[in-house]
Amino acid sequence: MTRVALRGMLGRKMRVVLTAIAVVIGVAMVSGTYILTDTIKSAFATVFTQAYKNADAVITGKNAIGTNNNGQSSGTPSLPASLLAGVQRLPGVAQAGGGIADSAQLVGHDGKVISRGGAPGLAFSYTPANQRFNPLSLASGSWPTAPGEVAIDAATASKNGFRAGQEIGVLARGAVQRFRIAGTVKFAGVSSLGGATMAVFSLPTAQQLFHKQGELDSIDLAARPGTTPQQLVSEIRPLLPADAQVRTGQGQAAQATRDTSGFLSTFQSFLLAFGGIALFVGSFVIANTLSITIAQRTRELATLRTLGASQRQVLASVMIEALVIGLLASVTGLFVGLGLAKGLNALLISFGIDLPQTSTVFATRTIIISLVVGVVVTLLAAIRPAIRSTRVPPIAAVREGAVLPPSRFARFGLYAALVTIAVAVALLLVGLLVSSLSSTQRLLAIGIGAAVLFIGVAMLAPKLVPALVRVLGWPATKLGGGAGTLARGNATRNPARTASTASALMIGLALVTFVGVLAAGLRSRFEGSVNQLFVANYAVTATNNFSPISVASANALHGVPGVEAISGVRAGDGRAFGSRITVTAVDPNVGKVIRVKWTAGGPQTAAQLGTNGAFVSDKYAQAQRLHPGSPLAVETPSGATLPLILKGIYKPPTGGSPFGDVTISTSRFDSAYQNPENLYTFVTVRGGVNRANTHTLNAALSGFPNAKLQTKSQFKHNQLQGLTLLLNLLYVLLSLSIVVSLFGIVNTLVLTVFERTRELGMLRAVGMTRRQVRRMIRHESVITALLGAALGIPLGVALALMVGVALNYPAFTIPWGTLVVFVIAAIVAGLVAAIFPARRAGRLNVLEALQYE
Amino acid sequence: MALDQLDVVEARDLERRYGEGSTAVDALRGVSLDVPSGQLVAVMGPSGSGKSTLMHTLAGLDKPTSGTVTIAGTEITGLDDGKLTLLRRKHIGFVFQFFNLLPMLTAEENVLLPLTIAGERPDRAWLDELLAKTGLSQRRHHRPSELSGGEQQRVAISRALVTRPTILFADEPTGNLDSKTGGEILELMRDSVESYGQTIVMVTHEARAAAIADRILFLADGLIVKELTEASAADVLEVMNNLQA
């Protein structure tokens with residue numbers, strides 16, 4: 001029986017391949033994600049291992065707040081340089097070397113900051129005596145030793161046309177400074193540091209540049225023979241101040257790797273979700289394709305039954321076919337994933353996420369998961385068609401036009417569909433509204449709820465097909481003449497098949513619509529908030545719109561003729577009431593540039609913050625039960641605790657707050673935070689926004705290529721750029737599942753053409769031209785695609801509405817233009833899917849087709 | 001010579017060879033024939049005699065290896081697919097053994113299908129007359145699955161006649177029907193010749209079917225071996241028995 005099944009597949013090679021493609025894409029996404037994230041993880045691990053390879057112990061400042069989800073820590077305190085002399089005297093220490101690690105951006109020949117995708121501009125110090133601890137190697141020129149010298153990484157140098165001996169601008173704490181490039185350096189073991197740049201200075205230069213005179217950021221230590229790293233650590237520990245810590249070199253590398261892995265695993269789950277969606281859509285395609293093939297093989301299966309095959313054997317033969325398809329697709333998908341990983345990386349880079357790379361990591365786990373997932377999804381999708389295949393009675397072997405008997409549950413179809421939809425909605429509501437569950441549980445409930453909803457709507461779809469197709473096929477009858485009329489008729493011939501084919505497309509379209517509608521809501525809410533808040537003339541932010549930038553850029557605007565108010569918003573990490581918070585700080589004149597509604601205190605509050613005043617949002621006050629006069633303590637990264645008194649409560653607009661959880665005065669902030677930076681600087685100028693003012697302000701900012709002057713409308717647009725990028729990234733990733741459903745349409749059409757061979761022969765005989773045949777198939781395809789859109793787009797809007805209600809989302813905006821684009825995209829998808837089947841149908845030989853059984 | 005005496009189909013020296021080399025089969029080995037307008041010609045012969053190949057070649061569905069076919073004054077052997085399709089639309093009607101109706105269309109829509117495809121407006125009076133003649137007036141809004149075999153074949157005949165084709169080709173039109181129903185279908189075809197002067201070429205292996213023809217051609221091994229005019233079923237059977245002997 002197995003041999004019969006396999007022989008049968010050989011006879012239907014093309015169908016097997018078309019079916020398999022539906023799984024290949026999903027599996028490739030899964031394997032590609034693992035390969036990409038493993039490669040990035042390995043690159044980070046290499047970087048950190050290299051960085052500490054010769055250090056038996058490493059002393060660093062201790063960030064009291066810890067690292068955030070992105071593995072970044074800001075405000076980590078430096079070490080006193082005197083500590084170096086102290087540890088050098090320890091008996092177990094063979095050598096100790098201190099260094100600076102900070103961030104600095106390089107300025108290209110065009111005067112703009114060299115930056116890709118928010119990747120850091122790393123800055124290090126170089127001390128000749130500490131060469132053994134140096135993870136960098138010289139690629140050209142020499143190490144920087146003199147005050148005006150810098151070494152930059154070789155990749156940045158070659159990409160931006162710099163070489164040793166030239167000058168380059170460096171942005172550290174203040175305005176841009178010129179340095180002579182002494183040489184270029186490489187980080188051992190990694191092929192790319194992603195978008196990151198490196199600048200290396202001599203130690204005294206670095207200390208001066210980063211305002212760290214008499215300070216160090218880290219001390220690397222080598223143990224004397226006979227002293228283990230552990231012993232060394234214990235020896236050092238008593239000497240450390242409270243805000244410093246020591247780890248073994250290996251421990252430090254492991255910790256640094258762990259700090260990045262949180263971000264990377266979120267990133268991995270994010271990408272895997274799209275693989276999951278593609279596989280889910282693929283399972284629809286497989287189930288549908290197998291159903292059609294089984295319906296077409298009714299007579300063959302019946303013949304096997306007359307020859308003595310049991311129902312179990314028929315079932316097994318279908319499942320074996322699925323197993324082979326699943327294996328074939330998984331293995332192919334696994335290797336396509338290798339290519340896809342590169343494609344994904346290119347995609348992410350184009351969306352501004354440029355992460356370090358090393359040689360491709362192809363882990364055993366990737367292979368196992370990809371194969372298992374692909375095979376299991378295929379087998380699951382095959383269960384229903386396989387069970388139906390056992391219902392073919394042996395008598396069908398001798399009957400002309402025998403059809404597969406309807407499923408036993410067919411008459412309960414409507415109820416089953418409605419119950420499924422009800423269950424799905426219940427799951428969605430649980431996920432959206434039950435706040436006592438953890439966010440993972442809620443996300444899971446929403447994810448499963450959405451999947452069940454798609455299944456329920458797909459079950460309901462056959463009932464909707466006749467009515468929907470009558471409407472959706474109307475343009476076809478007008479545009480396609482007789483061919484269009486026949487296409488509309490064909491689309492309703494087997495409503496279950498059309499529904500199932502369209503459902504696969506429905507999922508992808510529902511998801512893009514969901515994302516599009518939510519983004520439109522976010523966008524309009526955010527714009528509304530800015531309109532309400534922004535009473536300044538200009539804003540200054542980093543060129544990438546989100547990094548905090550040096551306060552010096554704001555100071556550069558002081559004294560510019562016509563400037564009436566300059567008000568900065570600082571931002572930093574902190575901890576209050578046991579959880580990590582964002583601390584912001586404002587100047588006393590903030591009321592002149594930002595207008596918020598106060599529920600306690602008022603516009604004068606900002607001016608009266610002094611050294612211990614703070615204000616919070618109404619939500620934060622409510623959550624922490626704070627009232628004007630309440631004390632609150634905020635811990636800073638350096639470990640200090642700021643005792644504060646609540647002086648005001650404001651109500652931010654729904655589209656986002658300009659401030660963090662707790663806001664203090666800039667003067668207090670600047671004394672508590674080591675390296676204060678502005679998230680935004682707002683400016684009001686006499687005469688408001690005009691060309692002359694723009695020119696004057698830009699001239700004042702010329703020393704800060706990383707600062708960007710913008711008007712209110714530019715600010716709105718720029719701040720939304722992140723959202724736009726994310727939205728586009730989501731569209732691209734979701735389009736993978738739309739491609740899968742496209743293959744579903746191709747499959748159905750090819751099988752349908754095959755099934756209707758004789759009919760096509762008759763149509764040709766009674767005067768249908770090849771062109772008309774192709775047109776007929778094309779219209780059927782477009783009708784199916786439009787059906788997917790008719791089901792998917794409203795479903796996506798409904799899902800977005802549900803999520804919106806759950807999130808208290810007042811500005812629910814339907815982006816009509818975007819939805820029209822999706823409908824057009826569906827039509828194009830239909831046209832593309834029809835190319836191959838239509839060509840096949842058009843090529844049929846009339847005579848052979850007529851004699852076809 | 002009156003117009004209706006024109007030959008609507010002319011075939012000259014038709015040869016059709018399938019395959020090549022030692023496995024080649026000669027289905028037609030030099031057949032010439034003329035079908036004058038308004039004549040019902042039956043083509044008979046044992047299986048493998050080439051009768052189906054002859055019909056397919058005359059209808060332009062198959063191309064002869066050599067020889068020519070002219071339909072309504074147009075030589076079709078050199079036409080490309082597009083021109084051939086348009087010629088079929090205008091001049092040729094088909095009736096198949098297995099009816100070949102579209103399941104999602106009603107009887108009336110099936111009948112009108114050739115006009116739908118051609119994008120032509122139907123002549124309602126002609127449609128009504130056809131449906132009345134074929135006894136389908138009460139069944140016009142039913143789908144094929146709701147019709148009997150005989151009714152389905154009557155729909156197929158109406159479909160072939162609706163364009164008033166120059167010539168109608170029928171391939172074993174009674175082959176899939178019981179004898180009573182088959183008889184009705186034959187009567188209907190004869191009637192279309194009497195009433196409308198329809199020219200018909202019918203391939204059949206039933207003597208009874210051949211008996212309605214004005215002229216009967218007997219094929220064996222790719223050649224016309226005998227020709228009868230207005231013969232009875234008994235005459236036809238006798239010839240067939242001789243051929244097979």
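Begin by selecting helix 21 (residues 721-755) and helix 24 (residues 816-843) of chain A; helices here are DSSP runs of H or I with at least four residues, strands are runs of E with at least two, and both are numbered from the N terminus. The two helices cross in a right-handed manner, meaning that the near helix is turned clockwise from the far one by less than a right angle. This is a predicted model, in which local features need pLDDT of at least 70 and side-chain atom pairs count only at pLDDT 80 or more, while totals for chains, interfaces and linings use all residues. Residues are numbered from 1 along each chain as its sequence is written, with chains lettered from A and ligands numbered from 1 in the order in which they are written.

The axes of helix 21 and helix 24 of chain A come within 9 Å and cross at roughly 25 degrees; axes are lines fitted to C-alpha atoms, for helices over the stretch in contact, and angles run from 0 to 180 degrees between N-to-C directions. Helix 21 of chain A is therefore roughly parallel to helix 24 of chain A (angles under 35 degrees count as roughly parallel, over 145 as roughly antiparallel, 65 to 115 as roughly perpendicular and the rest as oblique). Display the contact residues, including A:Leu742 and A:Val746 of helix 21 and A:Ala833 and A:Phe836 of helix 24; contact requires C-beta atoms, placed from the backbone, within 7 Å. By class, this contact has 14 nonpolar, one polar and one charged residues (Ala, Val, Leu, Ile, Met, Phe, Trp, Tyr, Cys and Pro count as nonpolar, Asp, Glu, Lys and Arg as charged, and the others, Gly among them, as polar).

Among the contact residues are A:Ile745 of helix 21 and A:Ile777 of helix 23.

Move to the open sheet of chain A, four strands in the order 3-13-1-14 with antiparallel pairing; pairing requires at least two DSSP bridges. Strand 3 (93-99) and strand 14 (244-248) of chain A stand at the edges, each with a single partner strand, so one side of each lacks a neighbour in the sheet. Within the sheet, A:Thr60 stands opposite A:Ser218 in strand 13 of chain A.

Finally, select chain B, where 21 residues are in contact with 21 residues of chain A. Helix 2 (81-91) and helix 3 (107-118) of chain B each give two or more residues to this side.

Note on methods:
Two residues are in contact if their C-beta atoms, placed from the backbone, lie within 7 Å.
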